[in-house]
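Here's a quick briefing to get you oriented. Have a look at the structure first, then read on for a helix and some charged pairs.

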Amino acid sequence: MKAAWFKKQGAARDVLMVGEQPKPSPSKGEVLIRVHVSAVNPSDTNRRAGRVGHSTSGLVIPHYDGAGVIEAVGEDVTDVWVGKRVWTNIGSTYPILGTAAQYAVLPEENVAVLPDAVSFEHGACLGVPAMTAWCCLFSDGSIKGNTVLVTGGAGAVGHYAVQLAKWAGARVVATVSSDSKAEFAREGGADHIINYRDQDVASRVMEITGGDGVDRVVDVDLGANVTALLGALKIGGVIATYASQAEHFPSIDAYGAMRKSMTLKFVLLPMEAAEQRREARAGITQWLQSTPAIHQIHQSFALEDIADAHEVVEAGQKRGCVLVALP
């Protein structure tokens, strides 16, 4: 099968190779997927580059997320799956064999049915971004009637968080950095937009909520945002953060946090409990079946150009998903 892989960590052009690899076979509890589209997330480029605590040895076919068709199943998996269109997320352990290949083997629990109305390209976008958004939003139960603040509301995770929160009956406030991103967040369902470059986020949130603050925050960068988020949060509120690029060791006003009786949740999808990830896959599939979702694709590459795809993600300027199409 055609595949991309790396045997050592480093710069994309130095370590990524494309060629032939053996086609895998599903073992007990697994499914074999003919991958049509693979997605590149920051977690994938960090893994390849050896950043943020990632280490590996031996041959690795990268990428957590993808979409395709189940071709075969292993023992103890019903053959009803054969021929089903699916979207994938790898789960708790980064595999040796990811989705940057024509075929990938995954545990049955790591795939979900892709509705016919959703393309493989859009299905490949879901995995890490949509499931991270889901875990940030729903780890404590229903958010119906809540006010939710989504920082980075036009980003990959943030835009799914805006859409899912609105679908679940929340009032949504989104922060953005430009007029074009404001429009995109608004298209996703945001009720209020705050441009953090020229507005004070905490003050504006308090204006919007009549001084109450927000019930929950889905946050893109704790180190950069924590002070504003404390000022925007309701007493008893929750901050769920999935990144801290500005500062890996952020400081927090401990007594300010105590006075808010707040909860701070750190969400790293592979470390989320298996049951939480199952709920996320099921909930996202229900959402896809019940309402038209917006999936933004930044750029798609051929497998031979996978190094270009990784470099686009690492540049940090993408808006939407970066995809690799499998031949």
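At 22% relative accessibility, Lys265 falls in the partly exposed class, where buried means under 20% relative accessible area, exposed over 50%, and partly exposed in between (1.4 Å probe, protein chains only). Keep in mind that this is a predicted model, where local features need pLDDT of at least 70, side-chain atom pairs count only at pLDDT 80 or more, and totals for chains, interfaces and linings use all residues. Residues are numbered from 1 along each chain as its sequence is written, and side-chain values use heavy atoms, with hydrogens and water left out.

**Lys265 and its partner**
- Lys265 pairs up with Asp140 in a salt bridge, with the closest N and O atoms 3.2 Å apart; the term means a side-chain nitrogen of Lys or Arg within 4 Å of a carboxyl oxygen of Asp or Glu.
- Lys265 sits in strand 13 (residues 263-266) and Asp140 in the loop between helix 3 and strand 8 (147-150), so this pair ties together parts that are 125 residues apart in sequence.
- Helices (H or I, at least four residues) and strands (E, at least two) are DSSP runs, numbered from the N terminus.
- Asp140 is partly exposed too, at a relative accessible area of 48%.

**Other salt bridges**
- By the salt-bridge rule, the count comes to 14.
- Asp191 and Lys166 form one of them, and their closest N and O atoms are 2.6 Å apart.
- That pair links distant parts of the chain, 25 residues apart: Asp191 is in the loop between helix 5 (179-187) and strand 10 (192-195), and Lys166 is in helix 4 (residues 156-167).
- Asp191 is partly exposed at 35%, and Lys166 is partly exposed at 36%.
- Glu183 bridges to Arg186, the closest N and O atoms being 3.4 Å apart.
- Both Glu183 and Arg186 lie in helix 5, three residues apart, which is about one turn of the helix.

**Helix 3**
- Helix 3 (residues 120-138) should span 27 Å at 1.5 Å a residue, and its end C-alpha atoms are 26 Å apart, which agrees; the expected span is 1.5 Å times one less than the number of residues.
- Look for a kink of about 50 degrees at Leu126, shortly before the proline Pro129; the bend at a residue is the angle between axes fitted to the seven residues ending there and the seven starting there.
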